[in-house]
Amino acid sequence: MSTQISASPLPPPKERRRLRQSRSLTRAQLARRLGVARATVRAWESGRRAPTGAEGRAYTEFLGAFAPPTGPDAPSAKPVPGKPEPLTPAQAFDALYAFCAPALVRQTYLLCGRRELAREAVERAFQLAWQRWPEVARDRDPAGWVRAVAYDCALSPWHRFRPCYRHPEPPPADPADRDLLGALLKLPPSYRRTLVLYDGVGLDLPETAAETEASTPAAANRLTHAREAMAARVPELADTALLHRRLTELSSRERLRASRPPTVRALGERRNVFWTRAAIAFTVTIIGATTLTLRTAPTHYEPPIAPAQAVQGVPRAVPMGPLSRDELALRSKLHGEASSGSERVEPTPR
């Protein structure tokens, strides 16, 4: 009675076939290599027979040479010292949000001058980043990607039509901060954005030009005019170092808080689901309307009915007068003829 070879654990039948195929070997080639029949290899890979004897030992050693190591002694099971485990997409997003969101809300407040709008713009930017996370995660500067989207949302001209943003918010309590924010909000949006990026965030001129989608000379020109306008309204801000410090202090004094990362991710996913369902519903509506139009549309040309018109040139009706001699003779002749018979329907030859 033969016994099964158990020197090394055998993989399942499907895994046996996969290991053979990974070596680009057919059943016939493996059978010749092991010195067994092709039907034996087929039985081993299907699980109908267990590898036994010397042939089974050779088959087991063949599979063990190419099977990945398993168990607690496998190399993959041992953590590498000093190497951090890879982050999941949610963990990477939460880390980026925790690092950038608080400062980004304060920077966005300098652009729009509204606390709630700044928080909303930053959350909207991170929601878009979560929807496009594979693209944002591979970006050279994920924080810059989110900052550019947040600034675009905050400076959108459509906010003026929203009822909640038609009235100005209470200004800062400090008169100096109030003058600084007022002078900053009087700048054109492009100048304000360039000034905040360069003197507030601390980007260099090429990075500022790239983020504002302008050339470096154009960004330098905007920055110069913005500084001149700020110095004209607040003379002490002619010092660029003081301007940088005042912008940082203004944004730091305001109590601006961002939502938690899981909340932002959940809102982004719900918004994505909503717009996906809206797009599907709109598509179904268009298809239904098109189908109804095709079913009810005429298949041939039907000329329109001309409107009724009065007939012109008809003589006016006059009362009948006395009959003439010829008309009396004709009436007598008609009365004398037979009222029925062939004479009425057959013409009289002349």
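Helices (H or I, at least four residues) and strands (E, at least two) are DSSP runs, numbered from the N terminus. The model described here is predicted, so local features need pLDDT of at least 70 and side-chain atom pairs count only at pLDDT 80 or more, while totals for chains, interfaces and linings use all residues. Residues are numbered from 1 along each chain as its sequence is written, and side-chain values use heavy atoms, with hydrogens and water left out.

## Overall composition

The protein has 16 helices and zero strands. Of its 350 residues, 28% are buried, where buried means under 20% relative accessible area, exposed over 50%, and partly exposed in between (1.4 Å probe, protein chains only). The protein exposes about 24,100 Å², and carbon and sulfur atoms supply 56% of this area; accessible areas come from the Shrake-Rupley method with a 1.4 Å probe, and for residues only the protein chains shown count as cover. A contact means heavy atoms within 4.5 Å. Among contacts between residues at least 6 apart in sequence, 67% join residues at least 24 apart.

## Aromatic residues

The structure holds nine aromatic pairs. Rings of Phe, Tyr and Trp (its six-membered ring) pair if their centres lie within 6.5 Å; planes under 30 degrees apart count as stacked, over 60 as edge-to-face and the rest as tilted.

| Pair | Centre distance | Plane angle | Class |
|---|---|---|---|
| Tyr97 and Phe126 | 4.6 Å | 70° | edge-to-face |
| Trp130 and Trp133 | 6.4 Å | 40° | tilted |

Tyr97 belongs to helix 5 (residues 89–112) and Phe126 to helix 6 (residues 115–131), so their pair ties together parts that are 29 residues apart in sequence. Tyr97 is buried at 3% relative accessibility, and Phe126 is buried at 0%. Trp130 and Trp133 are both buried as well. Ring pairs join Phe93, Tyr97, Phe126, Trp130 and Trp133 into a cluster. Arg265 lies over the face of Trp130, 5.6 Å from the ring centre; a charge sits over a ring if NZ of Lys or CZ of Arg is within 6 Å of the ring centre and within 35 degrees of the ring normal.

## Two buried helix residues

Leu96 lies in helix 5 and is buried, at 13% relative accessibility. Setting aside neighbours within four places in sequence, Leu96 has contacts that include Phe126 and Trp133. The C-alpha atoms of Leu96 and Ala137 are separated by 9.7 Å, although these residues are 41 residues apart along the chain.

Arg147 is part of helix 8 (residues 142–154). This arginine is buried, with a relative accessible area of 11%. Beyond its neighbours within four places in sequence, Arg147 is in contact with several residues, among them Asp141 and Glu211.

## Packing of helices 2 and 3

Helix 2 (residues 27–34) packs against helix 3 (residues 38–46) at an angle of about 110°, with the axes 8 Å apart. Axes are lines fitted to C-alpha atoms, for helices over the stretch in contact, and angles run from 0 to 180 degrees between N-to-C directions. Helix 2 is therefore roughly perpendicular to helix 3, a class that covers 65 to 115 degrees, with angles under 35 degrees counted as roughly parallel, over 145 as roughly antiparallel and the rest as oblique. Residues that meet at this packing include Leu30 and Leu34 in helix 2 and Val41 and Trp44 in helix 3.

## A loop residue with positive phi

Most residues other than glycine have a negative phi. Glu213 has a positive phi, near 55°. Glu213 is situated in the loop between helix 11 (205–211) and helix 12 (216–233), and is exposed, with a relative accessible area of 76%.
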